[in-house]
Amino acid sequence: MGIYETIQQLESMRKKLLITNYVMIGSFACMFIIPLFLVVIAPGTPGAQPILMLVLMVPMIISVRRQTDIKGKYKELYKSTFVRQVLQDIFDNVYYDGKTGFPSQLVKDMSLCRMGNRFATEDYLSGSYKGVRFEQADVRVQYHTSGKNSHTTTYFEGRMFIFDYPYKKVFSVQVFSENFQYRCKNPLEFKTNKVHMESEVFNREFDVMAVQDVDAFYVLTPQMLEKITLIRNRYGNVALHFNGNKLFVGINCGMNAFDGNPKRPIDYNTERRQAYEDGRVIMDIIEALEIRPAEEPDW
Amino acid sequence: MSPITITLIVVLAIVFLLLGWGVACSNGIKRLDLKCKEALADIDVALMKRHDSLTKLVDVVKGYQKHEIETLTQITAMRAGMAMNERVNVTKQMNDLMGRINLVAENYPELRSNANFRQLQTAIMDTEEHLQAARRLYNSNVNQYNQKLVVFPDSIIAGMIGAQQKSFFEVPEANKQDVKMDF
């Protein structure tokens, strides 16, 4: 199937998604409006109201099921058409799977955010850029309480990255931007101390936690402090964790990467640009933090 | 309850609060003092490592250039309990020595390609970074400690327990730059 046919197919799915959406909203509204009218017009027929509500529930349920089904197929086709191609153009050794992500144990070991009792992940991507190996996935971690006062707190929703960081091995140094609320405390069961860096501006905007204070000063050179501030200025809510020969980065942006917007008509160039922008974040972090491959010495 | 009892309770409460604050403040100063000592120990470890690596590097260089052995080995041995200015002096000597080794290596291509020489250079660069980290940590801790000693009302407790201001680990401007190893 050529690109034109694929776009046509995606466009048809997108329209179906919109129609099912309208049916859902319409049925939901009718479920309350029509019985209300019946009360006013025919007040003597109270038994008709629940029956009518049940009848109106049927198209709603069908729409929900149909939408879930189409949404899955739309996402899959969208990602294989636009995302995979763009990623292969900009990175080396690309492995991309839109359906899977990081295992929850790995996210826990990354020690960026608190772990709740609800976990969702997708868009696993691994590859290398300028010789630096990386992995990324969309991650959502929530804490849900059931019962009378049930509520859901989102601990993290955004993108997590793993970069090879071979030239400065340290034992757990975490950096959280001030607004990173649900942060992981005591990574890998070790007690950490709050480290006071020499830059007061940095101390106001970030919290640095480390098992050994000297490790924080070893990895967070004055230049690195500036680079981290740059990343925070670009992406807002960020957390970094230097551990062993890995650097873990979390961007808590509340959005998923590599997803098409079904509300907008498909345009080949726009979709490719969108996928490129999502991939560019990885290039941006590698370049901003000046992460280099293992072979190259540090000077 | 009689007014005397109430006054007594209030006075006792104030005394306990003051005592509690005094103990907390004194502990805070001692904790920072300990952190400074730990950071100083990190500096000593890094200096010691650097000294060892440099000594090994000098041995490698000796095999290529015997005339400069005497000048190359002019370096104060590290020992426990050194004063801050002695540490600074040793750091300066090490940097000077490294510069001289680099000059020698520039004239001996076979020395530059020696695997042992390159490995030792990498080790020295790594210890240099550890030394810088330890120095920054120490200076940051000293800064916090000194601030606590001069800010009122902590300065009262600092005076009572005889806490003294600490000096920073200052590296001479010329030695702050990384030793260049472009061969």
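**Entry 1: the domain interface.** I started with the contact between the two domains: domain 1 of chain A and domain 2 of chain A bury about 1,800 Å² between them, 68% of it on carbon and sulfur atoms. Buried area here is the accessible area (1.4 Å probe) that two parts lose on being put together, summed over both. On the domain 1 side, A:Tyr78, A:Lys79 and A:Leu87 supply 31% of the area buried against domain 2 of chain A, more than any other three residues.

A note on ground rules: this is a predicted model, where local features need pLDDT of at least 70, side-chain atom pairs count only at pLDDT 80 or more, and totals for chains, interfaces and linings use all residues. Residues are numbered from 1 along each chain as its sequence is written, chains are lettered from A and ligands numbered from 1 in the order in which they are written, and side-chain values use heavy atoms, with hydrogens and water left out.

**Entry 2: bounds and contacts.** I looked up the bounds, which come from an automatic or database domain assignment: domain 1 is 3-87 and domain 2 is 94-288 in chain A. Their centres, taken over C-alpha atoms, are 35 Å apart. I find 18 residues of domain 1 of chain A in contact (heavy atoms within 4.5 Å) with 22 residues of domain 2 of chain A.

**Entry 3: charges across the interface.** How many salt bridges does the rule find between domain 1 and domain 2 of chain A? I got five, with a salt bridge being a side-chain nitrogen of Lys or Arg within 4 Å of a carboxyl oxygen of Asp or Glu. I also looked up A:Lys75, which forms a salt bridge with A:Glu122, the closest N and O atoms being 3.3 Å apart. Helix H1 (3-41) and helix H2 (48-90) of chain A each supply at least two residues of the domain 1 side that touches domain 2. The largest share of that side, eleven residues, comes from H2(A). Helices (H or I, at least four residues) and strands (E, at least two) are DSSP runs, numbered from the N terminus.

**Entry 4: strand E8.** E8(A) runs antiparallel to strand E5 (residues 170-177) of chain A, joined by five bridges; strands pair if DSSP finds at least two bridges between them. A:Val173 has A:Phe242 as its bridge partner. E8(A) also pairs with strand E9 (residues 246-251) of chain A, antiparallel over six bridges, and one residue links the two in a hairpin.
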